[in-house]
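Hi,

Here is the structure I promised to hand over. Have a look at it first, and then read on for what turned up.

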Amino acid sequence: MSGPYKRLETKLVHAGEPRPRIDGAVEMPIFQSATFEYRGERRYDDVRYLRLNNTPNHLALHAKLADLEGSEAALVTASGMAAISTTLLTVLSAGDHLLAQSCLYGGTHDFVTREFAGLGLSVDFIDADRRDTWRAQLKPNTRAVYVEAMTNPLLEVADLRAVAEFARAHRLVSIIDNTFASPVNFRPIEAGFDLVLHSATKYLNGHSDIVAGAVAGSSALIERIRHKANHLGGSLDPHAAFLLSRGLKTLALRVRYQNESALKLAQFLESHPAVARVHYAGLESHPRHARAASLFAGFGGVLSFELKGPPERADELAGRVRIPAVAPSLGGVHTLLTRPATTSHSGLAREDRERLGISDGLLRLSVGIEATEDLLEDFAQALG
Ligand SMILES: *Cc1c(COP(=O)(O)O)cnc(C)c1O
């Protein structure tokens, strides 16, 4: 979009918000109204009603998010899973087949493995690192390919440019969950993806106080997804829309600081004698460091690590740190520490976790915006 809002930081503050300002209010007001006066709208999707995702708070967020991701259009939803499920149910119809990356976010993995069969859909998992294997997994009814910018909790970085190219060559819709990178670190539309998904609960909002989701892409695809969302009903509440808009304003400041802080913590942990292994794409020891550096402007605020010794050491460390909250989720201002084997991945059998490389003692750290030195000192005392 042209005009004075050229760079990301400026877009975060101003893009999409009505000009002139509403009654001069510097901050976009909350339109806490379920319905609006009829103005001659002719189509169902245009009737101004909160569930139909078209209040002034929705429209401002849609324009802001599209501008941030460099897409034609965007849609906000009631949660990340609402964005993911609504998008997949729009792009796929009964009889269709999806190729998905093997290590998906738990909720997405459950959705495609447990709900798809009942809907007449099928899924096969690909090793998103090995493009030579994808073609053999294509079927005549394959419609889309689904990947994540970085996997959880091992922070693997797939061959994302190759995934987008492969989708284009085989006329598949390419879909990427960009939650872990955020548009500050990665803009998948520029790398050739058709649709970008977010759990806006994480970095976009950034304060661990709402759940929200988003999807960005071409006007034609987003129009179809919005129509489906209007039927399924997962629309974002105006107050949550306001909080998301407020959170977005500081996205670049937060994520750049979190990039730096997480890298310092990863380096510290990697050099600590009590730590066996650190997973963070910003480390030179990470097997996909070069690829991540060529794709991303920063490596994000999430890392994971394993301690030497028995898995119980992980719980001992979680009991000794004083700044991080021991809690699931990520991407907010508070540093959060979790043990995937007992939380996000506890639904998997131990052998399945091990096959995915998730050991019982693995800890995942989402670095917040506290002083890096305080976090380093806290981990030093907790490990010491
Ligand atoms: C949290 C998360 C989701 C789900 O988002 P909700 O807002 O909790 O529905 C999807 N993908 C990724 C990568 C996530 O981290």
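Asp23 counts as exposed, because its relative accessibility is 80%, over the 50% cut-off. Keep in mind throughout that this is a predicted model. Asp23 sits in the loop between H1 and H2, and despite not being a glycine it has a positive phi, about 55 degrees. As a reminder, most residues other than glycine have a negative phi, and most peptide bonds are trans.

That loop has other things to check. Pro20 is also in the loop between helix H1 (8–14) and helix H2 (56–69), and the peptide bond joining Arg19 to Pro20 is cis, with omega about 0 degrees. Arg48 lies in the loop between H1 and H2 as well. Is Arg48 buried or exposed? With a relative accessible area of 17%, Arg48 is buried, since the cut-off is under 20%. Its side chain reaches the backbone oxygen of Glu37 at 3.2 Å. Leaving out residues up to four places away in sequence, Arg48 touches Ala34, Thr35, Phe36, Glu37, Arg39, Glu41 and Asn54.

Leu155 has a positive phi near 55 degrees and is not a glycine. At 1% relative accessibility, Leu155 counts as buried, whereas Asp23, at 80%, counts as exposed.

Pro153 comes up again with Ile358. Beyond its neighbours within four places in sequence, Ile358 is in contact with Pro153, Leu154, Pro340, His345 and Arg353. Ile358 is placed in the loop between helix H12 (350–355) and strand E12 (363–366), and its relative accessibility of 1% makes it buried.

Next, helix H5 (residues 160–169). Its buried residues include Leu160, Ala162, Val163, Ala164, Phe166 and Ala167. What covers them? The cover includes strand E2 (97–101), strand E4 (142–148), strand E5 (173–177) and helix H10 (289–295). After H5 comes Arg171, which has a positive phi near 55 degrees.

Now the ligand, which I guess you will want to look at. It is surrounded by 13 residues, and the closest are Met81, Asp177, Ser199, Thr201 and Lys202. Helix H3 (residues 80–91) gives the most to this shell, with 3 residues.

- Thr201: an N or O atom in the side chain is 2.6 Å from an oxygen atom of the ligand.
- Lys202: an N or O atom in the side chain is 2.8 Å from a ligand oxygen atom.
- Gly80: a polar backbone atom is 2.9 Å from an oxygen atom of the ligand.

On its own the ligand has 380 Å² of accessible area, and the protein covers 91% of that.

On to the overall layout. The protein chain is divided into domain 1 (8–248) and domain 2 (252–383). Their C-alpha centres lie 26 Å apart, and the contact takes 31 residues from domain 1 and 36 residues from domain 2.

Where does the largest nonpolar core lie? This core has 82 residues, and Leu244, Leu303 and Phe305 have the most contacts inside it. Its largest share, 7 residues, comes from helix H9 (residues 251–270). Both domain 1 and domain 2 give residues to this core, so it lies between them. Taking Leu244 as a way in, it touches Leu61, Val76, Ala200, Leu204, Asn205, Ile210, Ala212 and Leu236, again not counting residues up to four places away in sequence. There is also a second, separate core of 26 residues, with Ala73, Ala83, Tyr146 and Val215 among them.

Cheers

Conventions. Residues numbered from 1 in each chain as written. Predicted model: local features only at pLDDT ≥ 70, side-chain atom pairs only at ≥ 80, totals over all residues. Heavy atoms only, no water. Core = buried A, V, L, I, M, F, W, Y, C linked by side-chain atoms within 4.5 Å. Buried < 20%, exposed > 50% of the residue type's maximum accessible area, 1.4 Å probe, protein only. Helix = DSSP H or I, 4+ residues; strand = E, 2+ residues; numbered from the N terminus. Domains from an automatic or database assignment. Contact = heavy atoms within 4.5 Å. Near = heavy atom within 4 Å. Polar contact = N/O pair within 3.5 Å; in protein donor to acceptor, adjacent residues only side chain to side chain. Areas by Shrake-Rupley, 256 points an atom, 1.4 Å probe, with all protein chains shown as cover.
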